[in-house]
Amino acid sequence: MAMPSTSETLIDRTGALGRIRLNRPKALNSLTLAMVRDIENALDSFEADPAVAAVLLAGEGERGLCAGGDIRMIYDGGRAGSPEPVDFWREEYRMNARLARLAKPYVAFMDGIVMGGGVGVSVYGSHRIVTERTRFAMPETGIGFFPDVGASWFLTRGKGELGTYAALTGEQLAAGDVIAFGLADSHVPSERLPALAEKLSGLPATASRADVSAFVAAFAEAPPPGEIAGRRVLIDRLFAFDTVEAIFAALERDGSDFAARALGILRTKSPLSLKVTLRLLRLGREETALEACLEREFAATAAVLRSHDFYEGVRAAVVDKDRNPRWRPAQLADVTEEDVAAFFEPAAEPLFAGETGKGERP
């Protein structure tokens, strides 16, 4: 059954399965404001429809689910003083919270590239499925930004410092690591996804999450061991500190190949972004609701739009593509407390005024 869609987002129902397909494959399905609104409208429709047992999110094309938000729009809009970047973040973050509260089972096919905003539309699902092609990352410190869409919540729920490592370095994680991090639930070979989607469409309208789990389990298999998760003890020791300077010092003292590589990666990132990110993570670790983390992240986007490093990071990565950002400040030691504090001013208009949230997934 076809439903109202745009060319960027395909919405339909097959049997008892409501389907949302991101349809910008040439742009790695990067999210636009229109797509966020399409997803919200689809969720409204599917939740209200008693014939829909579960919702499935997938990406069109073979390269990935979603590479994130439309960063070029944010770059251009921020430079022009347009309200569109703020509107995008406001509606995207509210959608992230909505997904975490969704009453019906929500299945996400995290196949191929799943980064930034692509994590935000999948990590809050009840059934998060990775494949042998999954490349999961929150790479924002490399463009003068910070991991958002609730990263200060979902990267801090597990024990240890795997989330800190992932947020600061922006390194890509394969299926085994994503499951080990607690950010996905099942590994299904990519060639089996169409058959799984067809099977899910045959769910009874009254199906429970347990019913969906049983269907998924019939297609799942154990993923290869996670290489990063295999270094959990080392990561927990080296990334346990509350300042970026202390993490750098621990990596320098350790001297292992892993520590040297991690240090080399961190030295390419925006020093300001590293400090803002670590503070967001440490504050997020103490929160009891996803919405509080999203609220803080949304407030921080105002400083992003005023910052040098965001525009310079996007210029180097997306516009000129010279991969040579000139961060300001260029050194950790030159980042002041005032520089960091600017990202923690309350938002002029809160995201969730008068609302409370559970924030129970992941």
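Student: How many bridges join S4 to strand S6?

Tutor: There are 2 bridges between S4 and S6 (residues 113-115), and the two strands run parallel. Keep in mind that this is a predicted model.

Student: What makes S4 and S6 count as paired?

Tutor: Pairing takes at least two bridges. S4 and S6 have 2 bridges, so they meet that cut-off.

Student: Which sheet do they belong to, and what makes S4 an edge strand?

Tutor: It's an open sheet of 3 strands, in the order S4-S6-S8, with parallel pairing. S4 (64-66) and S8 (135-137) are called edge strands because each pairs on one side only. On average, neighbouring strands here are turned by 15° against each other, ignoring direction.

Student: Why are H1 and H3 called roughly parallel?

Tutor: Look at the angle. The axes of H1 (residues 33-48) and H3 (residues 84-101) cross at roughly 30° and come within 9 Å. Angles under 35 degrees count as roughly parallel, so that's the label H1 and H3 get. The crossing of H1 with H3 is left-handed.

Student: Which residues meet there, and of what classes are they?

Tutor: On the H1 side they include Leu33, Val36, Arg37 and Ile39, and on the H3 side they include Glu84, Asp87, Phe88 and Glu91. By class, this contact has 7 nonpolar, no polar and 10 charged residues.

Student: What makes S1 and S2 a hairpin?

Tutor: S1 (residues 9-14) and S2 (residues 17-22) pair in the antiparallel sense over 6 bridges, with 2 residues between them. Gly15, in the turn, has a positive phi of about 60°. For an example of a bridge, Asp12 has Arg19 in S2 as its partner.

Student: How do you know whether Tyr75 is buried or exposed?

Tutor: Compare its value with the cut-off. Buried means under 20% relative accessible area, and Tyr75 has 6% relative accessibility, so Tyr75 counts as buried. Tyr75 belongs to H2 (residues 71-80). Apart from neighbours within four places in sequence, Tyr75 is in contact with Phe310, Tyr311, Val314, Arg315 and Val319.

Student: What makes H15 "mostly covered"?

Tutor: H15 (residues 308-319) has 9 buried residues out of 12. Among them are Phe310, Tyr311, Val314 and Arg315. The buried residues of H15 pack against H2, H13 (271-285) and H14 (290-306).

Note on methods: Residues numbered from 1 in each chain as written. Predicted model: local features only at pLDDT ≥ 70, side-chain atom pairs only at ≥ 80, totals over all residues. Heavy atoms only, no water. Axes fitted to C-alpha atoms, helices over the stretch in contact; angles between N-to-C directions. Helix = DSSP H or I, 4+ residues; strand = E, 2+ residues; numbered from the N terminus. Parallel < 35°, antiparallel > 145°, perpendicular 65-115°, else oblique. Left-handed = near helix turned anticlockwise from the far one by under 90°. Contact = heavy atoms within 4.5 Å. Nonpolar A, V, L, I, M, F, W, Y, C, P; charged D, E, K, R; others polar. Buried < 20%, exposed > 50% of the residue type's maximum accessible area, 1.4 Å probe, protein only.
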